Amino acid sequence: MENKEAKPIKPYLMDAVLEYCRDNGCSPYMMVAVDDYCVLPREYVRDNMIVFDLSDEAVNQLSITSDAVQFQARFSGEVENVYVPLNRVAAVTPLEYQEFALRFEVTPTEKAPQTENSEGEEAPVRRPTRVK
């Protein structure tokens, strides 16, 4: 058997909570421990934490990968692109059944590997862009 690194299980667990919420009419919420690599509206961050409603009505183009959670959402009427490194997701839970919350270890975000063109410069921190 070939020795290869296992894929992270967190995106699969998050998908399971989202599916549970769809099947049971619940609201899926995600708690994020914000760092400089998170791209989101900073005015809603309190004590370096932010909570998002991930229901189909609240977000657009939701993508959960082994690296990050990305989606679009409206904040004060403005559409914002949100990017959260997967290691910054602290919990996902159905709002109505918080006893089913899945809590995750939050770890520091590693810098992305530098490309040949970067010549030792740090990659810029990603910031939200507005969608028209």
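Buried means under 20% relative accessible area, exposed means over 50%, and partly exposed lies in between, using a 1.4 Å probe and protein chains only. Keep that scale at hand for the tour.

You are looking at a predicted model, in which local features need pLDDT of at least 70, side-chain atom pairs count only at pLDDT 80 or more, and totals for chains, interfaces and linings use all residues. Residues are numbered from 1 along each chain as its sequence is written, and side-chain values use heavy atoms, with hydrogens and water left out.

**Stop 1: the whole chain**

Start with a cartoon view. The protein chain has one helix and seven strands; helices (H or I, at least four residues) and strands (E, at least two) are DSSP runs, numbered from the N terminus. Follow the sequence and you will trace the pattern α-β-β-β-β-β-β-β.

Now switch to a surface. The protein chain exposes about 9200 Å², and carbon and sulfur atoms supply 48% of that area; accessible areas come from the Shrake-Rupley method with a 1.4 Å probe, and for residues only the protein chains shown count as cover. Of the 132 residues in the protein chain, 37% are buried. Among contacts (heavy atoms within 4.5 Å) with a separation of 6 or more, 51% are between residues 24 or more positions apart.

**Stop 2: Asp35**

Select Asp35, in the loop between E1 and E2. Is Asp35 buried or exposed? Asp35 counts as buried because its relative accessible area is 14%. Show its surroundings: leaving out residues up to four places away in sequence, Asp35 touches Arg42, Arg88 and Thr109.

Draw a distance to Thr109 next. The side chains of Asp35 and Thr109 are joined by a polar contact of 2.5 Å. A polar contact is a pair of N or O atoms within 3.5 Å; within protein, one must be able to donate a hydrogen and the other to accept it, and residues adjacent in sequence count only if both atoms are side-chain atoms.

**Stop 3: across to Arg88**

Side chains of opposite charge can pair when their charged atoms come close. The term salt bridge here means a side-chain nitrogen of Lys or Arg within 4 Å of a carboxyl oxygen of Asp or Glu.

Zoom in on Arg88 itself, which lies between strand E5 (78-85) and strand E6 (89-94). Arg88 has a relative accessible area of 11%, so it is buried. What does the side chain of Arg88 reach at 3.0 Å? The answer is the backbone oxygen of Thr107. Setting aside neighbours within four places in sequence, the contacts of Arg88 include Met31, Val32, Cys38, Val106 and Pro108.

**Stop 4: helix H1 and the second salt bridge**

The structure holds two salt bridges. For the other one, select Asp56 and Arg22, whose closest N and O atoms are 3.1 Å apart. Here too distant parts of the chain are linked: Asp56 is in the loop between E2 and E3, Arg22 is in helix H1, and they are 34 residues apart. Asp56 is partly exposed because its relative accessibility is 49%, and Arg22 is partly exposed at 48%.

Stay with the helix and select Tyr12, found in H1 (residues 10-24). Together with Ile9 and Leu13, Tyr12 forms a nonpolar patch on the surface, with about 310 Å² of accessible area in total. Patches are made of residues with over 30% relative accessible area and no salt bridge, joining like charges within 9 Å and nonpolar side chains (Val, Leu, Ile, Met, Phe, Trp, Tyr) within 5 Å.

**Stop 5: the cysteines**

Colour the cysteine sulfurs. With a disulfide defined as a pair of cysteine sulfur atoms within 2.5 Å, the count comes to zero. Cys21 is in no disulfide, and its nearest cysteine sulfur, that of Cys26, is 5.0 Å away. Cys21 is buried, with a relative accessible area of 2%, and Cys38 is buried at 0%.

**Stop 6: two positive phi angles**

Finish with the backbone. Asp47, although not a glycine, has a positive phi of about 50 degrees. Asp47 sits in the loop between strand E1 (28-33) and strand E2 (49-53), and it is exposed at 78% relative accessibility.

Then select Gln61, in strand E3 (residues 59-64). Gln61 is not a glycine either, and its phi is positive at about 55 degrees. Its relative accessible area is 58%, so Gln61 counts as exposed.
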